[in-house]
Structures are given as C-alpha cells and as structure tokens.
Amino acid sequence: MKVYGHPGSIYTRMVLATLAEKGHEAEFVLVDLPTGAHKLPEHLTRHPFGVVPAFEDDDGFALYESQAIIRYLDRKLAGPSLTPSQPRACAVMEQSISVGLNYFAPNAFSVIWEKFLKQFMGGGAVDEAVVLAGRQGMEKVFSLIDPTLGRQPFLAGDSLSLADVTWMPFMAYLFPAGEADTVARYKNVAAWWERTSGRPAWRKAVGE
C-alpha cells in the first residue's frame with residue numbers, strides 16, 4: 001500500500017493515524033506541497049483536485065479523499081474496528097464526523113492559518129477579526145461536545161473511532177497556534193485531547 005501525502009497535512013495525518021490504530025504500515029510517498037508538487041500532472045492522475053492525500057492499495061486499487069480512504073482502511077485491515085457495530089453508535093460517529101468537518105474544521109483552520117501557517121507562507125499580518133470569528137466558531141462547537149465528553153471518553157462512545165481520527169489533526173495545530181487556553185476552558189475537551197494525543201498510534205502518525 002502507498003499513501004501519497006505530506007507529513008504536515010491535516011488530511012494526510014487522518015490516514016496515517018488510521019493505519020497506525022489498525023497496526024499497519026504503508027509506503028509513504030512525499031508530495032512536496034511547498035514546491036507545488038500536488039499540482040503537477042503526475043499527482044493529478046492520483047487526485048484530480050490536486051490536494052493530498054491519495055492512496056493506492058497493493059493490487060493497484062486507488063482512492064482519493066481522506067474520508068473515503070480511512071473508511072476503506074478500517075473495513076479492509078485487521079485490527080480494532082474504528083467504526084461502532086451498533087447502528088446508533090455508528091450514527092453518533094457519523095454525526096461527530098460531520099460536525100467536525102463542517103463546523104469545527106473551518107473555524108479551527110482559519111485560526112490555525114492566521115496564527116501559525118500564515119507566517120510560513122508569507123501571508124502578511126494576522127487578521128485579528130478572522131481569528132476572533134474562528135475562535136468563537138470553535139467555542140460554539142466545544143460547548144456542544146464538552147458535556148458529551150464528560151459522559152464518555154471518546155466522541156462516539158467508549159472506544160476511539162473514525163470521529164476522533166477526523167478531529168485530532170485539526171486539534172493538534174491549535175496548540176502551536178497559541179490556542180491552548182481556548183481548549184483548556186473546556187475541561188472535558190482538554191481531557192479528551194490529552195487522552196487521544198497520548199496514544200502511541202497518534203504519536204507514530206505525527207512522527208513523535
């Protein structure tokens with residue numbers, strides 16, 4: 001199996017974390033985002049939208065888009081299932097993934113971009129209005145999931161699932177972006193992050 005991506009990519013990390021949680025490895029093929037390798041014809045044959053990650057199985061079966069890839073890996077590979085078997089728990093997982101990608105991620109990324117990534121991309125001064133709006137959006141989501149994480153250790157229940165895998169790469173970048181205090185205001189979210197980020201699979205996925 002091959003994963004085409006970049007180690008700092010949020011969506012690549014979702015795939016690497018899934019592989020690590022399943023106890024499997026794939027050949028990692030670097031797509032050098034800073035040099036524009038993701039827009040070259042060679043990569044566009046793997047991902048027609050010119051982003052990462054892309055995936056190729058050992059028999060040549062190819063996929064792009066992180067959500068498709070992680071679901072495929074969870075179903076295909078041996079190891080602990082990252083999808084609850086019960087319909088309601090599975091629905092909660094899907095709900096958590098949807099909330100994460102549609103409401104948490106855009107707000108988190110706007111903060112991460114302004115306060116962390118922008119400095120590496122020559123993007124100019126921090127837009128404090130964008131940061132404030134993004135932080136308020138994140139806090140609305142945190143206020144909704146904090147009570148849930150006070151009742152259960154993971155987003156979908158008692159076991160780590162693809163929901164947690166989807167949220168974690170965004171959460172990780174909030175800390176170098178200087179948002180540790182924002183996270184700390186939600187004690188159950190903070191406890192969940194400490195619990196999940198300390199997992200050996202996550203540490204392997206991010207190269208720690």
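## Bend in helix α4

In this predicted model, helix α4 bends by about 45 degrees at Phe104. A proline, Pro106, follows within four residues of that position. The helix spans residues 87–117 and has 31 residues. Its end C-alpha atoms are only 39 Å apart, short of the 45 Å that a straight helix would reach at 1.5 Å a residue.

## Burial of α4

Phe104, the site of the bend, is itself among the buried residues of α4. Others that are buried include Met93, Ser96, Ile97 and Gly100, as well as Ala105, Ala108, Ser110, Val111, Ile112, Glu114 and Phe116.

## The four-stranded sheet

Four strands form an open sheet with mixed pairing, in the order β2-β1-β3-β4. The edge positions are held by β2 (27–30) and β4 (62–64); each has a single partner strand, so one side of each is left without a neighbour in the sheet. On average, neighbouring strands of this sheet are turned by 20 degrees against each other, direction ignored.

The edge strand β2 pairs with β1 (residues 2–5) in the parallel sense, over four bridges. Within this pairing, Glu27 in β2 is the bridge partner of Lys2.

## Helices across the sheet

Helix α1 (residues 10–22) lies across β1 and β2 and runs at about 155 degrees to β1. Helix α3 lies across β3 (54–56) and β4, running at about 130 degrees to β4.

Methods:
Residues are numbered from 1 along each chain as its sequence is written. This is a predicted model: local features need pLDDT of at least 70, side-chain atom pairs count only at pLDDT 80 or more; totals for chains, interfaces and linings use all residues. Side-chain values use heavy atoms; hydrogens and water are left out. Helices (H or I, at least four residues) and strands (E, at least two) are DSSP runs, numbered from the N terminus. The expected span of a helix is 1.5 Å times one less than its number of residues. The bend at a residue is the angle between axes fitted to the seven residues ending there and the seven starting there. Buried means under 20% relative accessible area, exposed over 50%, partly exposed in between (1.4 Å probe, protein chains only). Two strands pair if DSSP finds at least two bridges between them. Axes are lines fitted to C-alpha atoms, for helices over the stretch in contact, and angles run from 0 to 180 degrees between N-to-C directions. Contact means heavy atoms within 4.5 Å.
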